[in-house]
Amino acid sequence: MYEGWPWFRELVELIAMILAKADSTIVENYDRQLIPGSSHSQKDDLFSLGERVRAELQDTQRTVLRISGQHDLNMGNEVLKRELEVRSPYLDSLNVLQAEVMRRLQNGEYESEEERNLLQDCLLITINGVAAGLKNSG
């Protein structure tokens, strides 16, 4: 079906492009930084949910590769591969910073209203930076 139906092939390749941008280690960092610690069992439940979602992500990635017959999610697109290689260090840094800022805002870890405002500004900058970096690169 992948080879014989252009619409299906295009759909699989678009999904692959999105999956190529997904990084489960970044998502895990958000979990570790932002899941509230109100009760140990609630925190464990939320971590378990995150682990299940990350496992589903890996299953989906393997399924797309199996359907397409490709070896990586770049689907042989060298331009996409290079764009992701160049962007990754910048996006990873922004994501780590964003999770840290969100944690500090969530937990009230600031000394003054001015520092809180600076953290909020930083959060908006990281949101815009991550959004710009994850733009459609196909």
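Modeller: Helices are DSSP runs of H or I with at least four residues, strands are runs of E with at least two, and the numbering starts at the N terminus. It's a predicted model, where local features need pLDDT of at least 70, side-chain atom pairs count only at pLDDT 80 or more, and totals for chains, interfaces and linings use all residues. Residues are numbered from 1 along each chain as its sequence is written, and side-chain values use heavy atoms, with hydrogens and water left out.

Colleague: OK, where is L123 then?

Modeller: L123 is in helix 5.

Colleague: Is L123 buried or exposed?

Modeller: Buried, at 18% relative accessibility. Buried means under 20% relative accessible area, exposed means over 50%, and partly exposed is in between, with a 1.4 Å probe and protein chains only.

Colleague: What is L123 in contact with, leaving aside neighbours within four places in sequence?

Modeller: Q98, V101, M102 and L105. Contact means heavy atoms within 4.5 Å. L123 and Q98 are 25 residues apart along the chain, and their C-alpha atoms are separated by 6.0 Å.

Colleague: So how do helix 4 and helix 5 cross?

Modeller: Helix 4 covers residues 78-106 and helix 5 covers 113-133; their axes come within 9 Å and cross at roughly 150 degrees. That makes the two helices roughly antiparallel. The axes are lines fitted to C-alpha atoms, for helices over the stretch in contact, and the angles run from 0 to 180 degrees between N-to-C directions. Under 35 degrees counts as roughly parallel, over 145 as roughly antiparallel, 65 to 115 as roughly perpendicular and the rest as oblique.

Colleague: Is the crossing of helix 4 and helix 5 left-handed or right-handed?

Modeller: Left-handed. That's the word if the near helix is turned anticlockwise from the far one by less than a right angle, and it's right-handed if clockwise.

Colleague: Which residues of helix 4 and helix 5 meet?

Modeller: On helix 4 they include R87, L91, L94 and R104, and on helix 5 they include E115, R116, L119 and T126. The residues of that contact divide into eleven nonpolar, six polar and four charged. Ala, Val, Leu, Ile, Met, Phe, Trp, Tyr, Cys and Pro count as nonpolar, Asp, Glu, Lys and Arg as charged, and the others, Gly among them, as polar.

Colleague: What about helix 2 and helix 4, at what angle do they cross?

Modeller: Roughly 15 degrees, with the axes of helix 2 (residues 24-34) and helix 4 coming within 9 Å. The two are therefore roughly parallel, and the crossing is right-handed. By type, the residues of the contact of helix 2 with helix 4 are six nonpolar, five polar and three charged.

Colleague: Changing topic, how many aromatic pairs does the structure hold?

Modeller: Two. W5 and W7 have ring centres 5.5 Å apart and planes at 40 degrees, so that pair is tilted. W5 and F8 have ring centres 6.3 Å apart and planes at 15 degrees, so that one is stacked. Rings of Phe, Tyr and Trp (its six-membered ring) pair if their centres lie within 6.5 Å; planes under 30 degrees apart are stacked, over 60 edge-to-face and the rest tilted. W5, W7 and F8 form one aromatic cluster.

Colleague: Is F8 buried or exposed?

Modeller: F8 is buried at 16% relative accessibility, W5 is partly exposed at 41%, and W7 is exposed at 54%.

Colleague: Last one: what phi does M75 have?

Modeller: A positive one, about 55 degrees, although M75 is not a glycine. Most residues other than glycine have a negative phi. M75 sits in the loop between helix 3 (40-68) and helix 4, and is buried with a relative accessible area of 14%.
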